[in-house]
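Please look over the sequence and the model shown below before reading on.

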Amino acid sequence: MINFERFELDNGLKVIVHQDKSTPVVAVNILYDVGARDEDENKTGFAHLFEHLMFGGSVNIPNFDEPLQRVGGTNNAFTSNDITNYYITVPKENLETAFWLESDRMLSLAFTEKSLEVQRSVVIEEFKQNYLNQPYGDVWMLLRPLAYQKHPYKWATIGKEVSHIENATMQDVKDFFYHHYLPNNAIMVVAGNVEAEEIKALANKWFGDIPSKDIAKRNLPREPQQKEARRIEVERDVPANAIYKAYKMCAKADKDYHATDLLSDVLSLGASSRFHQSLIKEQKLFSEINAYVMGSTDEGLFVISGKLSDKVLYNDAEKAIEQELDKIKTEIIAESELQKVKNKIESTHQFSETNILNKAINLAFAELQNDANDVNFEVEKYNKVTTEDIHRIANQILVETNCSTLIYAKKEN
């Protein structure tokens with residue numbers, strides 16, 4: 001059970017405090033309710049660019065990392081299609097440094113041409129290195145626009161194309177910042193050996209004067225139901241042929257999310273899973289194969305991805321996947337098989353809660369989705385899933401007309 005207290009500042013900043021007396025460090029996590037889905041289709045990659053720009057210095061703090069390193073702290077961030085998340089861990093006695101740093105960049109990011117140029121170059125290099133020049137790097141740049149035709153999930157967090165970042169003007173950047181990086185669009189979680197009253201005082205001191213503003217209205221197009229199988233084939237200079245199958249699924253907050261997640265685990269979690277036993281061990285069709293869910297805020301994807309063994313034909317590999325999916329759609333799985341993956345989920349969950357930063361991030365995300373207290377019912381929700389739920393979800397989503405397939409073939413020399 002993660003106990004916490006919550007309060008809200010006059011400017012709309014939500015603050016959650018979790019006391020954990022067992023640790024000498026404090027985690028300060030700030031989640032901004034902005035991700036790649038909030039971008040203009042012709043100006044993508046901005047949420048990710050901001051992840052970098054926020055480390056480029058603010059008006060009073062030219063170098064973000066330096067003061068933090070001096071007090072033994074560490075920091076990082078990540079961006080997804082749904083959120084941008086910044087976190088700091090710092091020794092308890094130096095907690096105020098984290099408040100000072102985070103409040104200054106929320107209030108007054110340094111918009112200098114130099115900072116923009118430096119971070120623009122970093123992002124363009126990352127784009128080229130990780131997405132264009134890396135084996136399998138462009139998978140999501142191909143699969144997303146295949147699976148999504150209307151919803152902004154159709155582009156990856158890095159952006160649709162390099163030119164969008166290359167052409168980003170200072171005005172574009174400022175507009176994006178002042179519409180999204182606001183106290184009333186953020187959730188701050190402080191976790192560690194702290195008292196709620198102490199955090200309330202620090203929050204008011206450092207964040208209380210930051211003015212709230214109107215948040216950009218989110219009016220995203222709904223993705224229409226997919227009614228036909230979609231398919232593309234590409235050739236790339238990669239070591240092995242690969243196949244990716246993406247099926248539309250529910251959103252993270254949906255009542256069927258936990259059953260869908262467990263369905264993916266039954267198929268591919270661990271050496272005793274169905275895919276591993278049948279497709280890797282017995283038939284030797286794949287060197288690796290996984291099924292996993294995208295826990296997206298809006299309707300996400302249930303993904304099957306596999307690397308084919310040498311000399312295996314795509315038709316044979318795909319047919320074998322379909323046979324495994326037909327089995328799970330036809331026969332109701334054994335209670336013991338479902339219980340096994342539930343046990344793994346529970347142990348993973350318990351292990352993750354020993355980490356102070358994980359708890360802070362999970363509380364922030366749960367609060368954004370609905371209510372921070374939901375973190376205390378995650379395992380219970382998984383345990384409530386029945387074998388009939390698995391059967392129903394499998395028949396609902398694992399159908400060919402709901403599937404976008406990417407055949408990723410290695411170039412023959």
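## A lysine in a loop

Between which strand and which helix is the loop that holds lysine 311 found? Lysine 311 is found in the loop between strand E10 (301-308) and helix H11 (314-330), where helices (H or I, at least four residues) and strands (E, at least two) are DSSP runs, numbered from the N terminus. The model is a predicted one, in which local features need pLDDT of at least 70 and side-chain atom pairs count only at pLDDT 80 or more, while totals for chains, interfaces and linings use all residues. Residues are numbered from 1 along each chain as its sequence is written, and side-chain values use heavy atoms, with hydrogens and water left out.

Lysine 311 has a relative accessible area of 83% and is therefore exposed; with a 1.4 Å probe and protein chains only, buried means under 20% relative accessible area, exposed over 50%, and partly exposed in between. Its phi is near 70°, a positive value in a residue other than glycine. Most residues other than glycine have a negative phi.

## Two further lysines

Lysine 284 also has a positive phi, near 55°, and lies in the loop between helix H10 (274-282) and strand E9 (286-293). At 55% relative accessibility, lysine 284 counts as exposed.

Lysine 213, in the loop between helix H8 (196-207) and strand E7 (230-236), is partly exposed because its relative accessible area is 38%. Leaving aside its neighbours within four places in sequence, lysine 213 is in contact (heavy atoms within 4.5 Å) with Tyr178, Leu182 and Asn184. The C-alpha atom of lysine 213 is separated by 54 Å from that of lysine 319, which is 106 residues apart from it along the chain.

## The nonpolar cores

A nonpolar core is a set of buried Ala, Val, Leu, Ile, Met, Phe, Trp, Tyr and Cys residues joined through side-chain atoms within 4.5 Å. The largest one has 53 residues, and those with the most contacts inside it are Phe50, Phe99, Met188 and Ile199. Apart from it lies another core, of 42 residues, which includes Leu262, Phe275, Ile397 and Ala409.

Which residues does isoleucine 199 contact, once its neighbours within four places in sequence are left aside? They are Phe7, Val15, Val17, Leu95, Phe99, Val190 and Val194.

## Helix H3

Helix H3 covers residues 95-107, and its 13 residues should span 18 Å at 1.5 Å a residue, which agrees with the 19 Å between its end C-alpha atoms; the expected span of a helix is 1.5 Å times one less than its number of residues. Ten of the 13 residues of H3 are buried, so this helix is largely enclosed by the rest of the structure. Among the buried residues are Leu95, Phe99, Glu102 and Arg105, and what covers the buried residues includes helix H2 (65-70), helix H7 (170-180) and H8.

Threonine 97, found in H3, counts as buried because its relative accessibility is 15%. Not counting residues up to four places away in sequence, threonine 97 touches Pro67 and Val71.

## Helix H9

The twelve residues of helix H9 (residues 257-268) should span 16 Å, and the end C-alpha atoms are 17 Å apart, which agrees. Is H9 largely enclosed or exposed? Twelve of its twelve residues are buried, so H9 is largely enclosed by the rest of the structure. The buried residues include Tyr257, His258, Asp261 and Leu262, and H9 is followed by glycine 270, whose phi is positive, near 90°.

## The largest pocket

On a 1 Å grid over the protein atoms alone, a pocket is an open set of points where a 1.4 Å probe fits, with protein on both sides within 12 Å along at least five of seven lines, and lining residues have an atom within 4 Å of a point. The largest pocket holds about 1300 Å³ of space, a volume being the space filled by probe spheres set on the points, which are joined across faces, edges and corners. Of the 50 residues that line the largest pocket, the closest to its centre are Lys252, Tyr257, Gly295, Phe365 and Glu378.

Which helix gives the most to this lining? Helix H13 does, with six residues, while H9 and helix H12 (335-352) are among the helices that each supply at least two. The 14 residues of H13 should span 20 Å, and its end C-alpha atoms are 20 Å apart, which agrees.
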